[in-house]
Amino acid sequence: MNFADSEIVASLLTKANHTIVTDIEAADYILINTCAIRDNAEQRIRKRLHELRALQQRHKQVRIGILGCMAERLQSQLMVEEENVSFVVGPDAYRRLPELLASVRTPGTKAAETELSTTETYADIEPVRLGSNGISAYISIMRGCQNYCAYCVVPYTRGRERSRDPETIVSEARNLFEQGYKEVTLLGQNVNSYRYASENGNVDFPELMHRVASISPLLRVRFATSHPKDLSDRLLEVMASHSNICKCIHLPVQSGSDRMLKLMNRHYDSAWYLDRIAAIRRYMPDCSITTDVIAGFCTETEEEHQMTLEMFRKVRYDYAYMFKFSMRPDTYAAKHLEDDIPEAEKTRRLEEIIALQGQIALENNRKEIGKTFEVLVEGESHRSKEQLFGRNSQNKVIVFDRHDAQPGQYIQVKVTDCTAATLKGEIVQP
Ligand code: SAH
Ligand code: SF4
């Protein structure tokens, strides 16, 4: 999501006659788009700021700005803590960037703009694609979140949930397709609650997916993230009925324990979650399922941790983002709960989840050996120039000998081998 936001920022600044440079030594401004979701994300930014001091000594004209969630969370306090930062700009204030950049030219001047909005969606901004492969692009369809999960800082740093005008989403996707892009990923904190009311009627997420997928069968459509509480059968129906909607659902479970889920304010229990998994498998037996999980949330017992492992064994995810709980200021957890699981214990629980997931991913991948998939070729493999890589509909990376294939093409690849992370295969001639 930050990546997509940076593309909006690049667009706003390019329109204001700034240019993007690839060599940091040539920059007059360095803008760092930040995440605040866990403490280590913020620590990485502070480390980066420290490293930039030497460059600022060499180039006195450089101004450093912090964008995104860390800017929103800490506001002007961040410029006191980090002296080399000249401006902070929150996620809803990017339109003001040209003005702010001009205002910090005078040495010693500082500026902060962190007002959150209930309506800003940057709907009219055509993003400048940064570091793009010309094949896949992100499209932001909504902003903010008001689910207030007990551990999560997002509602405080990104404000109220709001959906973007569907016409602008469809036209952005159509433009990308006309420029040669083959895949779009629709982004939001909880895409299932996308809803836009206009004179032409209401558009919900399944309807939006239907409209984007109808642009062309050659345009793949992905989306992230879905909240389990709102995953409707209607969405699964729409997914199943369009071959170009990729068969991959990211459904963050967070915990396998009902007591934890309640304490986390997730609005579902393990039975509900498993019912949604069964529904996915009913509509799309070949759909890949991935997740997010938190180890060591406040008061989590060993037994509850075991329930998370049990959930992983039942669902058999293809991939998981796995985290240790990190207490975030302002959240419900920070105000009402105690971060009582010792760091070493959180690490042990996380490592157990990681080990189990590694084993499951490998077993899942082994079952793919012998199958043939349609693959969208993305580029050269990191290992060898003789090999290309791409993804199947399930979002699994497949590496294969290149022959005549080109990035951007759809080809058929038969899987011959795998690791836990990657499939290996060979091109099947049509
Ligand atoms: N909106 C998405 C998630 C966005 S944050 C959703 O609800 O599914 C991405 C992931 O970061 C979350 O799913 C959660 O697993 C993790 N996360 C969020 N806050 C965290 C915290 N305080 N400590 C550890 N992990 C956290
Ligand atoms: Fe955070 Fe929950 Fe919103 Fe996801 S749904 S962004 S975890 S508050």
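Tutor: Two strands are said to pair if DSSP finds at least two bridges between them. Keep that cut-off in mind as we read this predicted model.

Student: What makes strand β13 and β14 a pair?

Tutor: Strand β13, residues 288–295, and β14 are joined over six bridges in the parallel sense. Since at least two bridges are required, six bridges meet the definition, and therefore the two strands pair. Within this pairing, Thr 290 stands opposite Tyr 319 in β14.

Student: Why are β12 and β14 called edge strands?

Tutor: They belong to an open sheet of three strands in the order β12-β13-β14, with parallel pairing. The strands β12 (248–250) and β14 (319–324) each pair on one side only, and that is what gives them the name of edge strands. From one strand to the next, the twist of this sheet averages 10 degrees.

Student: How do you know that β9 and β10 pair, and what do they form?

Tutor: Strand β9 (residues 195–198) and strand β10 (residues 201–204) share four bridges in the antiparallel sense, and at least two are needed, so they count as a pair. The bridge partner of Tyr 196 is Val 203 in β10. With two residues between them, β9 and β10 form a hairpin.

Student: Which strands close into a barrel, and in what order?

Tutor: The barrel is closed by five strands in the order β15-β16-β17-β19-β18, and their pairing is mixed. Here the twist averages 55 degrees from one strand to the next. One of the pairs is strand β16 (residues 387–391) with strand β17 (residues 397–401), which run antiparallel over five bridges; Phe 389 has Val 399 in β17 as its bridge partner.

Student: Why is strand β11 called mostly covered?

Tutor: Of the five residues of strand β11 (residues 220–224), four are buried. Strand β11 also runs parallel to strand β8 (residues 183–187), to which five bridges join it, and Leu 186 stands opposite Phe 223 in β11.

Student: Is Asp 5 buried or exposed, and how do you know?

Tutor: Its relative accessible area is 1%, and buried means under 20%, so Asp 5 is buried. Asp 5 lies in helix α1, residues 2–15.

Student: What makes the approach of Asp 5 to Arg 143 a polar contact?

Tutor: The two side chains come to 2.9 Å, and because the limit for a polar contact is 3.5 Å, the distance falls within it.

Student: Are Asn 17 and Ala 26 buried, exposed or partly exposed?

Tutor: Both residues are placed in the loop between α1 and β1. Asn 17 has 72% relative accessibility, and because exposed means over 50%, Asn 17 counts as exposed. Ala 26 has 46%, which falls between the cut-offs of 20% and 50%, so Ala 26 counts as partly exposed.

Student: What is noted about the phi of Asn 17?

Tutor: Phi of Asn 17 is near 70 degrees, a positive value in a residue other than glycine. This deserves a remark because most residues other than glycine have a negative phi. Asn 395, in the loop between β16 and β17, also has a positive phi, of about 75 degrees.

Student: What makes up the shell around ligand 2?

Tutor: The shell divides into seven nonpolar residues, three polar and one charged. Among the residues surrounding ligand 2 are Cys 145, Tyr 148, His 227 and Arg 266. Cys 145 counts as buried because its relative accessibility is 11%, under the cut-off of 20%.

Student: How do you know that Gln 254 makes a polar contact with ligand 1?

Tutor: A polar side-chain atom of Gln 254 lies 2.7 Å from an oxygen atom of ligand 1, and this is within 3.5 Å, so the contact counts. A backbone N or O atom of Gln 189 lies 2.7 Å from a nitrogen atom of ligand 1, and a side-chain N or O atom of Arg 266 is 3.3 Å from an oxygen atom of ligand 1.

Notes: Residues are numbered from 1 along each chain as its sequence is written. Chains are lettered from A and ligands numbered from 1 in the order in which they are written. This is a predicted model: local features need pLDDT of at least 70, side-chain atom pairs count only at pLDDT 80 or more; totals for chains, interfaces and linings use all residues. Side-chain values use heavy atoms; hydrogens and water are left out. Buried means under 20% relative accessible area, exposed over 50%, partly exposed in between (1.4 Å probe, protein chains only). A residue is near a molecule or strand if one of its heavy atoms lies within 4 Å of it. Ala, Val, Leu, Ile, Met, Phe, Trp, Tyr, Cys and Pro count as nonpolar, Asp, Glu, Lys and Arg as charged, and the others, Gly among them, as polar. Axes are lines fitted to C-alpha atoms, for helices over the stretch in contact, and angles run from 0 to 180 degrees between N-to-C directions. A polar contact is a pair of N or O atoms within 3.5 Å; within protein, one must be able to donate a hydrogen and the other to accept it, and residues adjacent in sequence count only if both atoms are side-chain atoms.
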